[in-house]
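Entries follow in the order I made them.

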Amino acid sequence: MSEPAATTGAVNGAPRVNTRRGTELFMLVFSAIIVTAALIVVEVSQEQTLTRELLFYGVAFLILYGAAHFGVRYFAPYADPLILPLVALINGLGLVMLHRLDLAPVVGAPYTPKQILYTTAGVAMFILVLWLVKDHRTLAQYGYTCGFVGIALLALPGVLPASISEANGAKLWVNLGFISIQPSEFAKILLLIFFASFLVGKRELFTTAGKRFLGVDWPRPRDLGPVLVAWVLSIGIVVLEKDLGTSLLFFGIVLVMIYIATERAVWVGLGLTMFAVGAIIAFNLFSHVQVRVNTWLDPMMRVADGESDPGYQLRTGLFGMAHGGIPGSGLGSGMPNITPLSFSDFIIPALGEELGLIGLMSLLLVYVLLMMRGLRSALAVRDSFGKLFAGGLSFTIALQLFVVAGGSTGLIPMTGLTAPFLAAGGSSMLANYVLIALLLRVSDAARRPQAPAKPKPKQAPIAEAHTELVERPR
């Protein structure tokens, strides 16, 4: 006897379609097997035995993603069946590395119990969003409100005193004593809603061509206003909050969503040129930007005795990945605890050391699959707002991963962002689970079968034989 949720019939006469929830459950179990095996390898390598924590972490993983699965099954039954298992695998591998760091002498450990608590809160938010947001198109009605609140959240750490907003040289936090919140993580979702609704209503503003020069139809000068505002805000984030990562993420989202809406690469070229000009100006005016760039250009630079070494973190991370090589040193057999912030900003080099190039590339491919499934939902959904919104959500994951991986491997200057679902952190975990819930809501709408169109009612035949002709009097 088949489960009613596995093959859901539809409302209003729509055909019965396999919802693939069974596939999702199977992939979640497969993810749990991989994570459990990795935890066993870590404990055997470090402790030479198995501890009680292994049972606790394994049960917690099953309960959390079992609850997430049933939330999707009942609130978004047609959603993509691979998105949640991919998230579970990434989150599980992050838990494995945090547990491995807990077994090593790292300042601030243990991290794994806190991460499980954050994941529990994230899954609860995930289910709550699926329950509250019945239709993603209703979010477009609150576009300007979301934009105003999102900009306010972005600016909040910059206007607060450094004593409650600054950490590791960047003003990203709102520290209330008992809890610390990173507002930019939630601002990115609100701004995505605003950009999608704005571009749906003002698409002609960006598609109207101006003068043609060098074979390119350039935008009209009066149409550059929204991009100029986004550029000023992104530069303001660099100046006031000393946060290159959030600035790059914010401006990149704007450019990509404009490109999705217009399919004109000239907007991307103009935006990147403007960002490069702003970055050069910020480099020449502000010392903290110079430190980040100089560390990126020369992580081996020497410093005087007694001075802080800004290149130490990047240097040790690169040395760790070089030590791991292609096959890796093995889970529990490396020394990732030497690198500062290996539990958050530099968790990718920590995994690269122990899993090697092969394992790190496999992890990045899991992220790529997650992004591709989101883009597939964006292509399949029928409304313009859903296409822009899902495309923006998917690209946010990709750009955030690029900024984090690029900064920790020396490809770009280091930033304050963390790898989604992988690194330790509360605000990032909560915000990214909300993001995945919204992406699944769009995916549910994209894969939900439409009810067949109702046939038009037949007109009553005209009884010509009984029609009386009444002549008007002359």
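Entry 1. I noted that the model is a predicted one.

Entry 2. I then looked for the partner of D135. D135 forms a salt bridge with R137, and the closest N and O atoms are 2.7 Å apart. R137 has a relative accessible area of 48%, so R137 is partly exposed.

Entry 3. How many salt bridges does a search of the whole structure find? I found the count to be eight. I looked up some of them one by one.

Entry 4. I took R100 and E354 next. Their side chains meet in a salt bridge, with 2.6 Å from N to O. This pair links distant parts of the chain, 254 residues apart. R100 sits in helix α3, residues 83–102, and E354 sits in helix α14, residues 347–380.

Entry 5. Is R100 buried or exposed? R100 counts as buried because its relative accessibility is 2%, under the 20% limit. E354 also has 2% relative accessibility, so E354 counts as buried.

Entry 6. I moved on to D309 and R315. Their side chains meet in a salt bridge at 2.4 Å, N to O. D309 counts as partly exposed because its relative accessibility is 27%. R315 has 14% relative accessibility, so R315 counts as buried.

Entry 7. Which residues are linked in a network of salt bridges? I listed R441, D444 and R448.

Entry 8. I turned to the whole protein. I counted 16 helices and eight strands. The protein has 474 residues, and buried residues make up 48% of them.

Entry 9. I looked up the contacts between residues at least 6 apart in sequence. Of these contacts, 73% join residues at least 24 apart. The R100 and E354 pair, 254 residues apart, had already given me a link between distant parts of the chain.

Entry 10. I ended with the surface. The accessible surface of the protein comes to about 23,500 Å². Carbon and sulfur atoms account for 67% of that surface.

Key
Residues numbered from 1 in each chain as written. Predicted model: local features only at pLDDT ≥ 70, side-chain atom pairs only at ≥ 80, totals over all residues. Heavy atoms only, no water. Helix = DSSP H or I, 4+ residues; strand = E, 2+ residues; numbered from the N terminus. Buried < 20%, exposed > 50% of the residue type's maximum accessible area, 1.4 Å probe, protein only. Contact = heavy atoms within 4.5 Å. Areas by Shrake-Rupley, 256 points an atom, 1.4 Å probe, with all protein chains shown as cover. Salt bridge = Lys/Arg side-chain N within 4 Å of Asp/Glu carboxyl O.
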